[in-house]
Amino acid sequence: MNVLVTGGAGYIGSVVVEVLVERGYRVTVFDDLSQGHFAAVSPAATFHEGSLADRSAVDGLLASDRFDAVMHFASKSLVGESMSDPFLYFSQNVGYGIGLIESATKNGVKRFVLSSTANLFGEAERMPIDESERVAPGSPYGETKHVLERVLHWAEVCCGMRSACLRYFNAAGATTTLGEDHDPETHLIPIVLDVAAGRRANLKIFGNDYATADGTCVRDYIHVADLATAHVAALDAISDRSVRFNLGSGTGSSVLDVIRTVEEVTGRTVDCEFAPRRHGDPAVLIASSDAIRRELGWQPGRSDLRTIIEDAWAWRSRHPDGYGNQRPLDVVT
């Protein structure tokens, strides 16, 4: 199968590419490297540096080869930023995403996998959150993913393209070769690891008065390697039907759980202080993955908190400066 992966140089996309290559897929990565890293792209994949904003480049790439599927990871994804600049998110995530879907349908692509978000569910009524939960996005970011899910529904009705939309919260961890390197870093686990490594002075914990066991927010962390195998399983499943699945470990870990586990794994103390709550942070967010386990036989193998942190710490210890500033020297553009 010939697969185009947008955002394939990013954190999750690069791990998905790694799994696709290992399983014998032919893979092309399209990424503008604004958030991703060329060094994270599998050397077995074909790399095209380009932006989804350049519709002629997107159309030209999709017309240049017969792609069986598109896997779409390229998007802006910061909830807080989407609240302060919602129109940026709608213009880019929705505008560029619709252009990609339209071009894919025009060029005969029959499968599309969307990296969606469990932020579709905002203030969920039940935990863990399953696919029956009412969709009510908790941010403009979540709303952009909801719009694309609806566009994909109509792409199936009108054009016959099957799709898989995978909704999840917190990707974490690392593989042997690929890890998390964002600038700025906003995710809790790499920030706590930076404090343990002495690269940050301390950690601010936003709120210790939530209705949880230790007063801090509880979140669902899923290993990036498990996410990757779920995306590939979904790709294989949509030959004759579309699917929508929530993804999670099914258990939650508090901020203090993360800190204690980092201290145990690293043998170092994490200096932290409490700060006021951030507006809009729910006390608990946990996603259910019962449906994808039952229907596709997917099983997360590395999504317990200790394994996630051990893998992330091992990668960051080997790559203290992340991927560095490596740029492509001789690639297709």
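Three strands form an open sheet in the order E12-E9-E14, with mixed pairing; strands here are DSSP runs (E, at least two residues) and helices are runs of H or I with at least four, numbered from the N terminus. Two strands count as paired if DSSP finds at least two bridges between them. Strands E12 (253-254) and E14 (284-285) are at the edges with a single partner strand each, so one side of each has no neighbour in the sheet. Strand E9 (residues 218-219) runs parallel to E14, joined by 2 bridges, and Arg-219 has Leu-285 of E14 as its bridge partner.

## About the model

This is a predicted model, in which local features need pLDDT of at least 70 and side-chain atom pairs count only at pLDDT 80 or more, while totals for chains, interfaces and linings use all residues. Residues are numbered from 1 along each chain as its sequence is written, and side-chain values use heavy atoms, leaving out hydrogens and water.

## Two faces of helix H2

Let's turn to a helix. In H2 (residues 55-64), Val-58, Leu-61 and Leu-62 are buried, meaning under 20% relative accessible area, with exposed over 50% and partly exposed in between (1.4 Å probe, protein chains only). Seen down the axis, these buried residues fall within an arc of 95°, so they line one face of H2; the arc is that of the directions from the helix axis to the C-beta atoms. The face turned away from the buried side carries the exposed residues Ser-56, Ala-63 and Ser-64.
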